[in-house]
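This briefing covers a single protein chain. The overall fold is taken up before selected local sites.

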Amino acid sequence: YRWPVVISLHGVGEIGNDVNVVKRVGLPRVVAGKEFVMVAPQCLRNWWNIATLQILYKEILAKYHVDSSRVYLTGLSMGGMTTWDWSVAYPDQFAAIVPISGMGDVNKACNLKAVPVWAFHNADDPTVDVKGSRNMVAALKACGGNVQYTENATGGHNAWDKAYANPALYTWMLQQHK
């Protein structure tokens, strides 16, 4: 059996070199008992680097007993933005993506036409404008993309606790294959 793998990208608040900080936020906090392998790298400074993430992706597939047709990408805030950016650059790598409280380049959204997407955001987010998710979702819908969008009226910047607490997210995600 080859395991599905979820790559989880944290936000700005977890940048550094103490991996225990990463364990306390988002998917790493709730991953126990889920039917997949989770990889939650830590960004050491400033922002996620897609070239470095590509090296990690290739290493995961080469070293671990994972199913390359079931690699999922999720991230929150800075990680949500990078989920959009990484997946539009390499759409063939991911079976599905789950960007949370992020934004992306609407001019590249159609690169994800064949990638199932479930995006989450809170309407009252004071940190990353909700238009970031709304615009990406609208751009994907306009080119026939397979996209779901969950927008909560309130919750501020943290849309991830509610998203990752939803069992339907994992059912949906694990049903997706490349």
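This is a predicted model: local features need pLDDT of at least 70, side-chain atom pairs count only at pLDDT 80 or more; totals for chains, interfaces and linings use all residues.

Residues are numbered from 1 along each chain as its sequence is written, and side-chain values use heavy atoms, with hydrogens and water left out.

**Overall fold**

- Along the principal axes, the C-alpha atoms of the chain fill a box of roughly 40 × 35 × 30 Å.
- The chain has 7 helices and 6 strands, these being DSSP runs numbered from the N terminus (helices H or I, at least four residues; strands E, at least two).
- Read along the sequence, the pattern is β-α-α-β-α-β-α-β-β-α-β-α-α.
- Of the 178 residues, 51% count as buried; buried means under 20% relative accessible area, exposed over 50%, and partly exposed in between (1.4 Å probe, protein chains only).
- Among contacts between residues at least 6 apart in sequence, 70% join residues at least 24 apart, where contact means heavy atoms within 4.5 Å.

**Helices H3 and H4**

- The axes of H3 (residues 50-63) and H4 (residues 78-89) come within 11 Å and cross at roughly 75°.
- That makes H3 roughly perpendicular to H4, a label for angles of 65 to 115 degrees, with under 35 roughly parallel, over 145 roughly antiparallel and the rest oblique.
- Axes are lines fitted to C-alpha atoms, for helices over the stretch in contact, and angles run from 0 to 180 degrees between N-to-C directions.
- From H3, Ile50, Leu53, Gln54 and Tyr57 meet Thr82, Asp85 and Trp86 of H4.
- The residues of this contact divide into 4 nonpolar, 2 polar and 1 charged.

- Asn122 is placed in strand S5 (residues 117-122) and is buried, with a relative accessible area of 1%.
- The side chain of Asn122 makes a polar contact of 2.9 Å with the side chain of Asn152; such a contact is a pair of N or O atoms within 3.5 Å, and within protein one must be able to donate a hydrogen and the other to accept it, with residues adjacent in sequence counting only if both atoms are side-chain atoms.
- A polar atom of the Asn122 side chain also lies 3.4 Å from the backbone oxygen of Gly155.
- Residues touched by Asn122 include Val130, Thr154, Gly156 and His157.
- His157 is found in the loop between strand S6 (147-152) and helix H6 (160-164), and counts as buried at 16% relative accessibility.
- The side chains of His157 and Asp125 are joined by a polar contact of 2.8 Å.
- Among the residues that His157 touches are Ser77, Ser101, Pro126, Thr127 and Val128.

- Asn146 is found in the loop between helix H5 (131-142) and S6 and, at 39% relative accessibility, counts as partly exposed.
- Not counting residues up to four places away in sequence, Asn146 touches Lys113, Val115, Pro116 and Val117.
- Asn146 and Ala168 are 22 residues apart in sequence and 17 Å apart in space, C-alpha to C-alpha.
- Asn166 caps the N-terminal end of H7, with a side-chain oxygen 2.9 Å from the backbone nitrogen of Ala168.
- Within H7 (residues 167-175), Leu169, Tyr170, Trp172, Met173 and Leu174 are buried.

Note on methods:
Ala, Val, Leu, Ile, Met, Phe, Trp, Tyr, Cys and Pro count as nonpolar, Asp, Glu, Lys and Arg as charged, and the others, Gly among them, as polar.
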